Amino acid sequence: MSQPASSSSPAPHLLTAAGSPQDATATSTTTPSTTAPSTTAAAASGLPGAPEAPALPGWEHLSSGKVRDIYTPEAGGPWAGRDVLLVVASDRISAYDHVLPTPIPDKGRVLTALSAWWLDRLADIVPHHLVSLDVPTPVAGRAMICTRLTMHPVECVARGYLTGSGLVEYRRHRTVCGLPLPEGLDEASRLPEPLFTPAAKAELGEHDENITYRRVEDMVGPTTAAQLREATLALYSRAARIAAQRGIIVADTKVELGTDPGGRLTLGDEVLTPDSSRFWPARAWQPGRATPSFDKQYVRDWLTSPASGWDPASGQAPPPLPHDVVERTRERYLEAYRLLTGSALEL
């Protein structure tokens, strides 16, 4: 995306190619062109390995990120003249700043259905961008029609447990995003209270940067910064309670907040999915050691194993994923949906 605004007026952008707080990559963003829409996801995203976005009746492809393809209404189409976007969650999967050549079947359906499920349960905290799930047949089940938002240039991350980049900072400085923490914490330690640990959005394919709350105030102004912190922690707390009833720990999550055309703070992008959150099975959690997540860890582990023959630092494109890695990853996404919602995803 273009560089974030440094004032209280947020820079407009419409898509985030979401990633969870567990990587230092967090989330990359794109700013859709308003003049010459891209013709392929690879061209729009600037990332290698992204396939061509499908043509959809009534919609014009605008841009793509690592996972999502964004469309704007065509003149004469059913949504012409409406300030909305069609957001399609593909089955693409990314790791180590590459879009991998092998998709994960039904991943886009999980991201879309789980986001819609959470939005329904969080709407009283912050209004959301979802307008309709009545989308073109070729992308049914993995697309949303959403209000066009002006997004704030901040990754709003809430952490309830210490892991990932937060643990790295804690071990060095006994802080996370500049917030002091007590001695004696370790991998997977529960924090004394949930923390708002923001990050500055990076260019697509680059790493987001963990920042202090003071930096957020400088970027968006004190009033908006307080709103972002309050909303993020309220969303996390509600989600953590719901998930705990289902045997799932929400270790951390990333949400995207912007303003709608009326200026209201609004929740956008995907919400509390395996791509934007760290979900742990409560029965497997033990402070002091890593906890398995309902996400793409199988993919990361294989890519860095001798079996892949690939070095993430090589600059070369990653190899195709083997069938067993694809299936195990797909099963983790579907399991996360089933455990959280209490029912299997209809495919």
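**View 1. The salt bridge between D120 and R121.** In this predicted model, D120 pairs with R121 through a salt bridge whose closest N and O atoms lie 3.7 Å apart. The two partners can also be described by their accessibility: D120 has a relative accessibility of 59% and therefore counts as exposed, whereas R121, at 29% relative accessibility, counts as partly exposed.

**View 2. The salt bridge between E209 and R215.** Here E209 and R215 are joined by a salt bridge, and the closest N and O atoms of the pair are 3.7 Å apart. E209 has a relative accessible area of 43%, so this residue is partly exposed. R215 is likewise partly exposed, because its relative accessible area is 33%, and the class of partly exposed residues lies between the limit of under 20% for buried and that of over 50% for exposed.

**View 3. The salt bridge between K254 and E256.** The side chains of K254 and E256 come together in a salt bridge, with a distance of 3.5 Å from N to O.

**View 4. A network of R159, D252 and R278.** In this view, R159, D252 and R278 belong to one network, joined by salt bridges that share partners.

Terms used
Residues are numbered from 1 along each chain as its sequence is written. This is a predicted model: local features need pLDDT of at least 70, side-chain atom pairs count only at pLDDT 80 or more; totals for chains, interfaces and linings use all residues. Side-chain values use heavy atoms; hydrogens and water are left out. A salt bridge is a side-chain nitrogen of Lys or Arg within 4 Å of a carboxyl oxygen of Asp or Glu. Buried means under 20% relative accessible area, exposed over 50%, partly exposed in between (1.4 Å probe, protein chains only).
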